Amino acid sequence: LEMRAHDPVGYVGDMLAFGFRAFRVEGELVKTLFLSEKEDGGLEEKEQDEEYDDTIDSRPMSASELLALSMGGLSRPLKTRLSQVIMSLASQGGAVTGDGSGGAIQPGDDEDTSSSLNRLVAIYSVSGLLRFYCSAIEKALEKAQAENEVITESPLLTTCDECLAEAADCYVASLRAYGAMLGSHSLSSSQTEAHLAQRAIMLIADERVASPGFADDALDTVGDDLVSKQLSLSFLVSTMVDAAMTHLKTLDGTSALKSAVNAASKSGLDAKETTKWMALIDEKEQNLVEVLVGTEADIVLEECGLGAIRSAIKDMDRVYIEGMTMSSHPGLSRKEVEAAMKKFYSSLFSPPIPTFEDVIKDAQLRKIARSRTAQIVIDLYQEVYGALSSERGGYS
């Protein structure tokens, strides 16, 4: 076992497999011993004929007590080693190798970012293994009880339950720490906060699908509600998306988060949760589009000649007094307005509406952005034309 100590997930898996194998072997041995004892009638005669002294624990051990005593010697050092591995993964720094690597290092990654993500995925993987063996041990105990064997407790199950709770707590702390440090990780790598959050969600979602501890039969057997909530996809998505949303500045970021939520949905995220987070990301996306369209529309208005007219009208509104005409205000003289309108009419042969291909990947969203930009130009033209042709214009 110690030869795989460099691989935390593999090491934990080997230890738990050895412990479960020993539990089954010892259980069969105890069952055989007590079955042969009953067949000989020795145990029944002793229970009927012998009177025990209450002050001295002289009664024979039950099957449950004998199995608990047998597994107790293994459970104590097992818990110590499992706790050491969990606490080591929860700490910062150092590399994780083997199956708990969290995926290959991507271009632009720095050591700290990769290490944090690798440890996060490894803790989740260890939690999955613990869930699986908790489920397996509980099923073995249920089977023993169904066969009229009085086995009510198992030190190995207690150890796995306690280590699972510890691993889940460490996973929650590590996930929140990773979310809080998205900004720092982004500065030290070539990836945005949204892409780092997407990477974490997708890796953990893939790990959940691959782990036997999150299969339907294991989920039905292990009934710890707190641990289930801590290890749920809902908690993962809410923590990561919430952390990334505060840093969203580009539409690429919203696309990355949508991709992450879709991946989580395919891995078992509840449909209501998927809809909720998609709606929040869509709302943020629309806000970013509005900002982008506003910036591009300003550029278009300058190129088509209406930008100067709009600026002059705004300046006039700030100093307007009753009786003032637009034609008397700097920048709105008849000559300047005619030049601006000629430039605008000329631009209609080839409207300078941006394509948005470099900043918006989604074709439908690009179409919407172009339409909104054109609408801003149209609305401003109607406003300018109405103002120029009014009595306030003074151009008649």
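At the start of helix 15 in this predicted model, a side-chain oxygen of Asp-362 comes to within 3.2 Å of the backbone nitrogen of Gln-364. Helix 15 covers residues 363-388, 26 residues in total, and its first and last C-alpha atoms lie 38 Å apart, close to the 38 Å expected at 1.5 Å a residue. Its buried residues are Leu-365, Ala-369, Thr-373, Val-377, Leu-380, Val-384, Ala-387 and Leu-388. An α-helix has 3.6 residues a turn, so residues three or four places apart point the same way. The partners against which the buried residues of helix 15 pack are helix 11 (251-266), helix 12, helix 13 and helix 14 (334-347).

Ala-369, one of the residues of helix 15, has a relative accessible area of 0% and is therefore buried. Beyond its neighbours within four places in sequence, Ala-369 contacts Val-289, Val-293, Phe-356 and Ile-360. Phe-356 belongs to the loop between helix 14 and helix 15. Although Phe-356 is not a glycine, its phi is positive, at about 65°. Phe-356 is likewise buried, with a relative accessible area of 5%, which is under the 20% limit for a buried residue.

Helix 12 (residues 271-304), one of the elements packing against helix 15, also packs against helix 13 (residues 306-319), at an angle of about 105° and with the axes 5 Å apart. Helix 12 is therefore roughly perpendicular to helix 13. On the helix 12 side the contact involves Asp-298, Leu-301, Glu-302 and Cys-304, and on the helix 13 side Leu-306, Gly-307, Ala-308 and Arg-310. By class, the residues of this contact comprise 4 nonpolar, 1 polar and 3 charged.

Helix 12 also packs with helix 10 (residues 233-245). The angle between helix 10 and helix 12 is about 5°, and their axes are 11 Å apart. Helix 10 and helix 12 are therefore roughly parallel. Helix 10 contributes Ser-234, Val-237, Ser-238, Val-241, Asp-242 and Met-245 to the contact, whereas helix 12 contributes Glu-273, Trp-277, Leu-280, Ile-281 and Lys-284. The contact of helix 10 with helix 12 is made up of 6 nonpolar, 2 polar and 3 charged residues.

The end C-alpha atoms of helix 10 are 18 Å apart, in agreement with the 18 Å that its 13 residues should span at 1.5 Å a residue. Because 11 of its 13 residues are buried, helix 10 is largely enclosed by the rest of the structure. The buried residues in question are Leu-233, Phe-235, Leu-236, Val-237, Ser-238, Thr-239, Met-240, Val-241, Ala-243, Ala-244 and Met-245. Their cover includes helix 5 (155-180), helix 6 (182-187), helix 7, helix 9 (225-230), helix 11 and helix 12.

Within this cover, helix 7 packs against helix 10 at an angle of about 170°, with the two axes 9 Å apart. Helix 7 is therefore roughly antiparallel to helix 10. From helix 7, Glu-193, Ala-194, Ala-197, Ala-200, Ile-201, Ile-204, Ala-205 and Arg-208 meet Leu-233, Leu-236, Val-237, Met-240, Val-241 and Ala-244 of helix 10. The contact of helix 7 with helix 10 holds 12 nonpolar and 2 charged residues and no polar ones.

Helix 7 (residues 193-210) has 18 residues, and the distance from its first C-alpha to its last is 26 Å, close to the 26 Å expected at 1.5 Å a residue. Buried residues of helix 7 include Leu-196, Gln-198, Arg-199 and Glu-207. One of these, Leu-196, is in contact with Thr-113, which also contacts His-185 and Ser-188. Thr-113 is situated in helix 4 (residues 111-146) and is buried, with a relative accessible area of 1%.

For the protein chain as a whole, 15 helices and 0 strands are assigned. Of its 396 residues, 44% count as buried. Among contacts between residues at least 6 apart in sequence, 75% join residues at least 24 apart.

Conventions:
Residues numbered from 1 in each chain as written. Predicted model: local features only at pLDDT ≥ 70, side-chain atom pairs only at ≥ 80, totals over all residues. Heavy atoms only, no water. Axes fitted to C-alpha atoms, helices over the stretch in contact; angles between N-to-C directions. Helix = DSSP H or I, 4+ residues; strand = E, 2+ residues; numbered from the N terminus. Parallel < 35°, antiparallel > 145°, perpendicular 65-115°, else oblique. Contact = heavy atoms within 4.5 Å. Nonpolar A, V, L, I, M, F, W, Y, C, P; charged D, E, K, R; others polar. Buried < 20%, exposed > 50% of the residue type's maximum accessible area, 1.4 Å probe, protein only. Expected span 1.5 Å × (residues − 1). Polar contact = N/O pair within 3.5 Å; in protein donor to acceptor, adjacent residues only side chain to side chain.
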